[in-house]
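Please read them with the structure open.

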Amino acid sequence: MSGHHVVPFKTNLITFLTLVVLTVVTVYTAKYVDLGEFNLALAMAIAGVKATVVGLWFMHLKYDTWMNRAIMLSAIVFVALLFVISAVDMFTRA
Amino acid sequence: MAETKTVDNAHAHGSQEGVNYLNETSGLWSWLTTVDHKRIGVMYIYTIIAFFVVGGLFALALRLELLTAEKLFMTADVYNQVMTFHGSIMVFMVIVPGVPAMLGNFMMPIMIGAKDVAFPKLNLASWYCLIIGAVIAVASLFFGGVDTGWTFYTPYSAQSATAVAMVVFGAFVMGFSSILTGLNFIVTIHKLRCKGMTMMRMPLFVWSIYATAILQVIATPVLGITLLLLVAERIFGVGVFDPALGGDPVLFQHFFWFYSHPAVYIMIVPAFGIVSEIISTFSQKTIFGYKAIAFSSMAITFLSFLVWGHHMFVSGQSPVAGTIFTVLTMLVGVPTAIKLFNWVATLYKGQITLSTPMLYALSFLCLFTIGGLTGLFLGAFAVDVHLHDTYFVVAHFHYVMLGGAIVAMFGGLFYWMPKISGKMYDELLGKVSAVLVFIGFNVTFLPQFVMGSLGMPRRYATYDGIYSGYHVLSTIGSWVLALGFGVAIYALIKAAIKGEKAPEDPFKGTTLEWTIPSPPIHTNFETSPKVSGRPYEYR
Amino acid sequence: MSTGKVDRRVEPSHHFDSMIQEHDAGKQGVWLFMATELMMFGALFAGYFIYRTKYFDAWVEGGSLLDWRLGAFNTIVLLLSSFTMAQAVTDSMQGHNKKAFRNVIITTACAFIFMIVKYFEYSGKIHHGLFPGLGMWNPEAVEVAQTKLFMTFYFVMTGLHGIHILVGIGLMVWLMKRLKNDEFSKEYYTSVEGVGLYWHIVDIIWIFLFPLMYLI
């Protein structure tokens, strides 16, 4: 079908290897680098990058329409809303 | 996911004289396996009206019990169960699926010039999800019932000896129906509009269905996981919401209202769409502020996700969060008021015909305005502390949901009845029903505002004698209201059985559904239509 | 859906104008469903973070009760399955059903390996009295009482994720059957792509679960 981007084997392979490397980085930083509370932030940041890589290349969002990207983004935004607002309540209780 | 080619060929001769979606095939099986959005819409109409009758009978029983201050015929336990079933049936089986599933299913594809929804089989699956979920929930009556109220608050719902897990699981399955319907409608509106039907040319009913579908897709999964956690809590005893272990019951409320506040907009926004159509048609006037109405629906969709905490002002939520939620709640009043002003402006200098649908729409305007404004009282932190858990809340909720959503739903049923069944309803019966509903409704629920503000708490089977007068009035009103809905349902059934044949466009509407025969053919249009202008071009 | 013999789609269903329109609609439907998946797991993650902040000690103890090597192994297995799934989509977009079939087989094998590892993890936890329900919980097994909450989140989140893997295996079997029938072509590969999207979302959720459960 014309108009749909075929991702070549090489790109898939590079994506996969990137993800493996990032997994190693996650384990290494969490186990052997002590950043205190920032370990969580770092691990989440790496996980975020990994998820983005999966989204852009494996799930083809890089080549997809804005509508499909917006659907994904809106889900993330609303999850963030749920989290932030309930956290505001939980942590401002007397 | 998509219909197979063979089905398509079978209907290639759908354009023959006198053949329409109702009579092209017959037999119960042809209905139970249909993937035609119109037939599925009709099946929803029958099932949801049936649920409405059941939920209504529960309501009548409650009001009868409340006729006297002391016990009349129900013990407190039975009362709690009847109250829970009334609420759960009306919310999860009637109003949430109500307008989108029955009228949205039938009309939305036609109004955008499509032959069907994007995923016809998924559409049928949604109907079965609703039925299966409803059967599970109602069957719980034989396993101890449920007495938690429709909100299933923890920790009581985790401890109650009744069959909470079963009802909750039923609600979970019905949630799938809602999600799949919403998903289907979003894709249909994005991908299946006919030539020339830009987003800004869509009828306002389609806009409201679109906004509703977004709410269904985004909010319902959170309810799903919350209910699953509750089921896990009951079956395994895991303790997520158990304070004994450090779990937080208020977290349940956060998750529950993250769905259930948007859910009240799932219930009311489609009603806005119906009212927009009816008011424009029966004023024979271009709708005032098309863009404002369309965009205010979208604004409500977004804002509705930011206000759930106003249900939790007295649940031990922090004052900081309470203040934030109060401010955000006031914001929702803005797009809602924009709609109301636009409808009133549409009526101004219109050629108004007071037919049945219009009477229902005008009732909606009155009742919803009262309901909406009292909502602002309850949304204000300080006032809510006084009014919370009183009949004021009950009255507010019924003004919005029954006086708003259900009244508009009946208006829509009368409005599109000629198109759906090909038969005209009895105008006199229709008008009588509309007037009875309006009077009965106000007699039932206006006194509840008064007794609520005087301190009558909700959810009790017996009460202090000082409230007797209000309760008696309210119960008498409920009988008038029931008579009104009875006449309305009778009028609809009578029309379907032996109404006069309806013309293509009995009300001189301008949207696409009035350009095709009543009832429509299987593929809706002989040839795919082309749209060249905005809807509601009256003059 | 498949009707026996080779039944390649060349024409769209009656309510679509073209195959492209039908494909894009199907794909958007899958994306919307993925959004609901994110919302559902998102609520669980929100609960996880709130309780983690409240009961940090319990979370530290809970994390130490899990074997991060098994988690890391499973992460790599899932990433590999995601890679072969992506490759299966690439193959089917070019009409290479046989190649796609092989890649789907590898994906399914990875899914089974993942579930087998999970089975051993679960049975180990249950054996040590760390299942937080059905009377199996052993309060002596932990130092901080709220570790039970951590284990609840562990079992609910990985359990729900595991159910998604099982559903995924079902979808793979369905795909294999259709690939074997040679049903897909350059013009029609929507189902392969849809299952692919689902599988990647399951992977993404695990990408977050792994550090949150096993490492932090």
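1. In this predicted model, chains A and C meet through 37 residues of chain A and 37 residues of chain C. On the chain A side, three helices each supply at least two residues: α1 (9–32), α2 (38–58) and α3 (66–90). Of the elements on that side, α3(A) gives the most, with 14 residues.

2. The make-up of this side of chain A, where it touches chain C, is 27 nonpolar residues, nine polar and one charged.

3. Chain C also touches chain B: 31 residues of chain C are in contact with 37 residues of chain B. Which elements of chain C give two or more residues to the side that touches chain B? They are α1 (19–54) and α5 (147–180) of chain C. The largest share, 17 residues, comes from α1(C).

4. The side of chain C that touches chain B is made up of 15 nonpolar, 12 polar and four charged residues. For the side of chain A that touches chain C, the division was 27 nonpolar, nine polar and one charged. Please keep in mind that these two counts belong to two separate interfaces, with chain C taking part in each.

5. Chain C itself has six helices and zero strands. Its pattern along the sequence is accordingly written α-α-α-α-α-α. The C-alpha atoms of chain C fill a box of roughly 65 × 30 × 25 Å along the principal axes.

6. How much of chain C is buried? Of its 216 residues, 54% are buried. Among the contacts in chain C with a separation of 6 or more, 78% are between residues 24 or more positions apart.

7. In chain B, one helix pair is worth a look. Helix α14 (residues 391–421) packs with helix α15 (residues 427–454) at an angle of about 170°, and their axes are 8 Å apart. Angles over 145 degrees count as roughly antiparallel, and α14(B) and α15(B) are therefore roughly antiparallel to each other.

8. The residues that α14(B) brings to this contact include B:Y391, B:F392, B:H398, B:Y399 and B:F414. From α15(B) come, among others, B:G430, B:F441, B:F445, B:Q448 and B:F449. Taken together, the residues of the contact of α14(B) with α15(B) divide into 14 nonpolar and six polar, with no charged residue.

How values were computed
Residues are numbered from 1 along each chain as its sequence is written. Chains are lettered from A and ligands numbered from 1 in the order in which they are written. This is a predicted model: local features need pLDDT of at least 70, side-chain atom pairs count only at pLDDT 80 or more; totals for chains, interfaces and linings use all residues. Two residues are in contact if their C-beta atoms, placed from the backbone, lie within 7 Å. Helices (H or I, at least four residues) and strands (E, at least two) are DSSP runs, numbered from the N terminus. Ala, Val, Leu, Ile, Met, Phe, Trp, Tyr, Cys and Pro count as nonpolar, Asp, Glu, Lys and Arg as charged, and the others, Gly among them, as polar. A residue is buried if 20 or more other C-beta atoms lie within 10 Å of its own, exposed if 12 or fewer, and partly exposed in between; C-beta atoms are placed from the backbone. Axes are lines fitted to C-alpha atoms, for helices over the stretch in contact, and angles run from 0 to 180 degrees between N-to-C directions. Angles under 35 degrees count as roughly parallel, over 145 as roughly antiparallel, 65 to 115 as roughly perpendicular and the rest as oblique.
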